[in-house]
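Colleague: I have a model open and would like to talk through how its parts pack together. Could you take me through it?

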Amino acid sequence: MTILQDREQQVFSSRMLHFVGYGLLLMAFIDQLFLVIPSQVMEPLWRFQTMGAIVERVPIIFLGLVLVYYGETSDRIAGEKLVLKLLSWCSLLAAILMMLTIPLSIGTGVLLDQQQNATVDVQFVSQQDALEQFQAQLKTAKSKDEIQAILQQQGNQGVNIPDSVDTKQLKQSIIASLQNNQENLTNQAQAFRREKRSLLIKQCLKWNLGALIASILLFLIWKSTAWSRRKPSATELD
């Protein structure tokens, strides 16, 4: 193989890598576009998940940029230097946007945590009110028949209390059981809040660290591709 043939093969290989890189960047752009369209910006959960999805797809962009900028400047086709210049500035813009997603993600995570707590509170209060109402009805009951009617109303099924049962002791036993249920309900609500908050913090930390790393790498790509932003010299124009 002659030196000329070897050089032609190198140029061909470089251009193939460039084409693959452009293809990956185009696919990544389309993928990111479909993530944000249709937009539901007013929904905190949508914003939070979309920012995370964008961060998780950034490695494809890095791979595309590496392939596009691989090789020598002499291996470029006509007009490609303008595209490289545009991609270089886009890298800086993407680095800034990635950095801005960090405070936005934190703020959205706080808002999402408040919404989740509000939802848990609504469910908890509803069940708590039902237990308190049940307990109040039992406290006002005077006879076995009244207790039996209350139990049938709550259970939606027939209840038969034997005559030998001590009504006072039965009331105390049921009320104590309801108080235990209230305590268990409170503990379950608190555990559910902690679980949801822990998951939210882990996701937020994971995506924010990813956004920070992506921002730094994109800035380094912009800085290392300064040659693509320089105006061509007189000899290059000739």
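Modeller: Before the packing itself, a term: contact here means heavy atoms within 4.5 Å. Please also keep in mind that this is a predicted model.

Colleague: Fine. Which residues of helix 2 and helix 4 meet, then?

Modeller: From helix 2 the residues are Pro 44, Leu 45, Arg 47, Phe 48, Met 51, Ile 54 and Val 55, and they meet Met 98, Thr 101, Leu 104, Ser 105, Thr 108, Gly 109, Leu 111, Leu 112 and Gln 115 in helix 4. By class, the residues of this contact divide into 10 nonpolar, 5 polar and 1 charged.

Colleague: And the geometry, at what angle do helix 2 and helix 4 pack?

Modeller: The angle is about 145°, with the axes of helix 2 and helix 4 lying 9 Å apart, and the crossing of the two is left-handed.

Colleague: What about helix 3 against helix 4, at what angle do their axes cross?

Modeller: The axes of helix 3, residues 58-69, and helix 4, residues 80-140, cross at roughly 155° and come within 12 Å. Angles over 145 degrees count as roughly antiparallel, and helix 3 and helix 4 are therefore roughly antiparallel to each other. Helix 3 passes helix 4 in a left-handed crossing.

Colleague: Which residues make that contact?

Modeller: Helix 3 contributes Val 58, Leu 65, Val 68 and Tyr 69, while helix 4 contributes Leu 84, Leu 87, Ser 88, Ser 91 and Met 98. Sorted by class, the contact of helix 3 with helix 4 has 7 nonpolar, 2 polar and no charged residues.

Colleague: Switching to pockets, what volume does the largest pocket have?

Modeller: Its volume is about 980 Å³, and 31 residues line the largest pocket, with Phe 29, Gln 32, Ile 61, Ala 94 and Leu 97 lying nearest its centre.

Colleague: Which helix gives the largest share of the lining?

Modeller: Helix 4 does, with 11 residues, although helix 1 (3-36), helix 2 (44-56), helix 3 and helix 4 each supply at least two residues of that lining.

Colleague: How does the lining of the largest pocket divide by class?

Modeller: The lining has 25 nonpolar, 5 polar and 1 charged residues.

Notes
Residues numbered from 1 in each chain as written. Predicted model: local features only at pLDDT ≥ 70, side-chain atom pairs only at ≥ 80, totals over all residues. Heavy atoms only, no water. Axes fitted to C-alpha atoms, helices over the stretch in contact; angles between N-to-C directions. Helix = DSSP H or I, 4+ residues; strand = E, 2+ residues; numbered from the N terminus. Parallel < 35°, antiparallel > 145°, perpendicular 65-115°, else oblique. Left-handed = near helix turned anticlockwise from the far one by under 90°. Nonpolar A, V, L, I, M, F, W, Y, C, P; charged D, E, K, R; others polar. 1 Å grid on protein atoms, 1.4 Å probe; cavity = no way out; pocket = protein on both sides within 12 Å on 5 of 7 lines; lining within 4 Å. Points joined across faces, edges and corners; volume = space filled by probe spheres on them.
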